[in-house]
Amino acid sequence: MSRIITLLSDFGWEDGYVASMKGVILGIYPEARLVDISHGIPPQDVPSGAFVLTTTYASFPDHSIHLAVVDPGVGTERRPLIVQAGKHFFVGPDNGLFSRILAQAPLWRAWELDQREYWLPQTSQTFHGRDIFAPVAAHLAAGVPPHQMGTPCEPKIENWFQVKMEREGVLCGQIIHTDHFGNSISSIDKSSLLQLSPVLRKLAVEVHPHRLLPIVKTYAQVPAGQFAALLGSHGYLEIAMNGGSAAKELDLRRGSFIRVILPGSKKR
Amino acid sequence: MSRIITLLSDFGWEDGYVASMKGVILGIYPEARLVDISHGIPPQDVPSGAFVLTTTYASFPDHSIHLAVVDPGVGTERRPLIVQAGKHFFVGPDNGLFSRILAQAPLWRAWELDQREYWLPQTSQTFHGRDIFAPVAAHLAAGVPPHQMGTPCEPKIENWFQVKMEREGVLCGQIIHTDHFGNSISSIDKSSLLQLSPVLRKLAVEVHPHRLLPIVKTYAQVPAGQFAALLGSHGYLEIAMNGGSAAKELDLRRGSFIRVILPGSKKR
Amino acid sequence: MSRIITLLSDFGWEDGYVASMKGVILGIYPEARLVDISHGIPPQDVPSGAFVLTTTYASFPDHSIHLAVVDPGVGTERRPLIVQAGKHFFVGPDNGLFSRILAQAPLWRAWELDQREYWLPQTSQTFHGRDIFAPVAAHLAAGVPPHQMGTPCEPKIENWFQVKMEREGVLCGQIIHTDHFGNSISSIDKSSLLQLSPVLRKLAVEVHPHRLLPIVKTYAQVPAGQFAALLGSHGYLEIAMNGGSAAKELDLRRGSFIRVILPGSKKR
């Protein structure tokens with residue numbers, strides 16, 4: 001079966017940038033199965049790109065290649081990479097985009113791309129997605145091994161959003177992404193929550209001082225117009241509103257702090 | 001030839017939700033030909049989703065599978081379905097999304113999905129698109145018959161928008177969808193119009209009290225900035241503006257009433 | 001290998017219009033490899049469509065077919081076309097959409113589509129994308145030669161945006177497109193710039209009276225929040241802002257004039 005190449009970027013869909021990358025790929029590896037993850041990452045927002053990529057790639061079969069280009073430093077010294085994490089491959093800039101994937105992978109390897117024969121003959125200074133990353137992803141799909149296209153390296157790891165136990169029974173995290181429905185997704189993952197309490201409905205979530213929300217199982221479990229927290233399908237705690245945008249109504253932004261509280265242990 | 005699976009949802013394109021469904025499908029049925037219908041249905045707007053699906057699916061070849069997820073009741077008692085209408089298949093929630101298709105199909109069958117072995121091993125409470133509907137669509141494409149994945153049932157039929165003969169020579173309908181160009185598309189279909197008059201240009205369309213529009217054949221038939229009604233490519237009467245948004249300029253919304261009048265019979 | 005068919009339009013992604021075209025294509029030529037270029041061309045904006053198409057199609061392999069529908073005159077006398085330019089094929093309305101491609105191609109041929117047996121049996125007055133252009137593109141991909149579907153003709157050539165030497169050392173052009181990042185892309189191409197000076201960094205770009213910008217190589221070469229001009233990846237001079245929207249901050253619109261100046265020769 002032919003290889004899957006997914007694409008993620010902040011290029012939007014209005015221009016021809018995404019199509020240019022696909023045209024280059026199909027010229028090198030005509031049987032590619034191309035699937036868009038998103039091209040609506042906010043411009044140059046590497047943490048958002050990292051979140052969407054991390055929570056999506058594992059739905060694809062093993063041996064998929066994920067081409068990810070959110071690249072504010074294009075044309076500067078930042079390195080171009082191939083990363084292998086488990087049985088998935090990633091191609092893109094070395095700016096932290098793959099941090100969460102590397103942190104979660106039991107085994108990974110990375111190569112700095114330095115063999116120009118696998119790039120387009122002429123590379124622009126502003127569009128490495130088309131000129132370097134797309135052709136490398138296509139050659140990788142066609143069977144060229146990573147070590148033939150680059151040199152082993154240590155990729156940059158960024159830790160933009162943390163989760164910490166503020167005090168006993170109080171877990172503090174941050175909003176890392178707002179989705180299309182206005183759900184505010186936090187950095188607090190399932191395992192951190194379960195450490196606080198194995199029974200999630202005993203917990204409450206504080207989004208603003210003294211504003212506590214219950215943890216529920218699905219959106220329709222609270223009345224229309226009401227807020228709740230729940231463990232989203234991506235495995236992270238999210239703040240939602242039934243039938244509306246929690247992000248807007250509660251004024252939650254990227255970086256906003258939230259707290260998960262195990263009642264009874266708060267004031268200790 | 002491999003099966004076509006189309007996708008329609010209110011998930012937007014910014015997040016990885018649509019790609020997650022595609023990854024799951026390709027893991028089960030790698031040769032799927034995936035085609036997006038729309039992921040820009042307004043959030044949780046089942047009637048809009050039903051309109052877009054109804055007016056698009058028939059352009060696809062027989063045996064196509066249409067995965068449609070506009071699902072405000074996800075995680076509640078609403079049933080997950082496979083529907084067969086003519087030679088097309090539909091997979092999605094039982095909330096009226098397939099009403100118009102069922103109403104128009106000469107023959108249909110439906111099954112409530114209840115065989116969990118065809119779902120993902122772990123199903124979330126909030127993303128049945130990825131966990132139930134995508135794998136079922138993929139298994140269906142791969143040749144698993146519907147009755148093996150579900151139990152025959154009667155799907156829910158909603159009739160959100162009606163057309164009625166208000167009095168002789170006056171047909172009343174409602175706006176059901178605003179398209180990308182600002183055309184306001186009504187519930188009045190071709191056959192209802194022809195019943196009123198076999199010669200469409202004899203009819204006038206009242207969008208507001210005393211505001212009558214002619215029925216024309218194409219947008220450029222009225223001067224730039226002018227309004228007209230026409231039988232759209234989807235088979236429904238639409239209100240359009242040459243070079244602008246009729247919906248905005250005439251303040252037409254989903255549910256707004258319009259009347260088609262055969263002059264001379266109005267006051268009888 | 002099966003043929004690539006790209007799609008470009010002003011149809012947006014919310015409705016089912018694009019999918020209808022794809023369904024029709026797959027019904028005629030099931031093995032089509034479909035790739036979207038853009039469906040976010042501003043409504044009825046033929047010059048923008050022409051720009052995006054011109055700067056993208058060449059990334060695709062030879063023998064690709066480009067279906068391009070920005071068609072304000074649908075249903076009127078404007079002709080439907082197949083155009084061959086070099087080894088690429090184009091299908092769409094004769095309204096100037098292919099002007100730049102024709103102007104740049106060493107060799108081209110064009111045919112007016114007049115053989116209705118290659119169209120859908122019923123053609124609407126408002127959606128030739130689905131009813132004429134999509135089936136013709138599919139038949140072309142399947143091997144029907146252009147002369148069997150149409151009659152040789154001379155397509156319309158529009159020259160919306162010009163570049164001229166205003167006086168010695170001063171080159172004047174216009175903004176022709178604003179991209180997703182807010183970069184303002186001008187009509188001034190690489191060869192015109194090189195005629196002015198073989199060393200680009202000697203040039204300055206005047207975007208408003210007395211507002212001069214340097215020409216740099218990549219976005220990050222100026223500090224965050226600063227403006228610069230650069231030769232974009234599409235081969236045209238663009239005005240950019242590091243970390244923001246130049247178009248918005250400098251109030252540049254489609255048609256705005258800019259000047260490239262070789263200092264020292266300005267006042268001659």
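**Interfaces and sheets in a predicted model**

Chain B and chain C bury about 2300 Å² between them, with 58% of that on carbon and sulfur atoms; buried area here is the accessible area (1.4 Å probe) that two parts lose on being put together, summed over both. This is a predicted model, so local features need pLDDT of at least 70 and side-chain atom pairs count only at pLDDT 80 or more, while totals for chains, interfaces and linings use all residues. Side-chain values use heavy atoms, with hydrogens and water left out; residues are numbered from 1 along each chain as its sequence is written, and chains are lettered from A and ligands numbered from 1 in the order in which they are written.

Back to chains B and C: 32 residues from chain B and 28 residues from chain C take part in the contact, where contact means heavy atoms within 4.5 Å. On the chain B side, B:His180, B:Phe181 and B:Ser233 lose the most area to chain C, together 28% of what that side buries. Salt bridges between chain B and chain C come to zero, the criterion being a side-chain nitrogen of Lys or Arg within 4 Å of a carboxyl oxygen of Asp or Glu. Polar contacts do turn up, with twelve residue pairs across this interface, both residues at pLDDT 80 or more. Such a contact is a pair of N or O atoms within 3.5 Å; within protein, one must be able to donate a hydrogen and the other to accept it, and residues adjacent in sequence count only if both atoms are side-chain atoms.

As for secondary structure, β2 and β9 (170-178) of chain B are the elements that give two or more residues to the side touching chain C. Helices (H or I, at least four residues) and strands (E, at least two) are DSSP runs, numbered from the N terminus. The top contributor on that side is β2(B), with five residues. By class, the side of chain B that touches chain C splits into 14 nonpolar, 14 polar and four charged residues; Ala, Val, Leu, Ile, Met, Phe, Trp, Tyr, Cys and Pro count as nonpolar, Asp, Glu, Lys and Arg as charged, and the others, Gly among them, as polar.

Then there is the A/B interface. Here 32 residues of chain A touch 28 residues of chain B, and the buried area is about 2300 Å², with carbon and sulfur atoms giving 58%. A:His180, A:Phe181 and A:Ser233 supply 28% of the area that chain A buries against chain B, more than any other three residues. The salt-bridge count between chain A and chain B is zero.

Inside chain B, seven strands form an open sheet with mixed pairing, in the order β2-β1-β3-β5-β4-β6-β7; strands pair if DSSP finds at least two bridges between them. At the edges sit β2 (33-38) and β7 (150-152) of chain B, each pairing on one side only. Neighbouring strands are turned by 25° against each other on average, direction ignored. Axes are lines fitted to C-alpha atoms, for helices over the stretch in contact, and angles run from 0 to 180 degrees between N-to-C directions.
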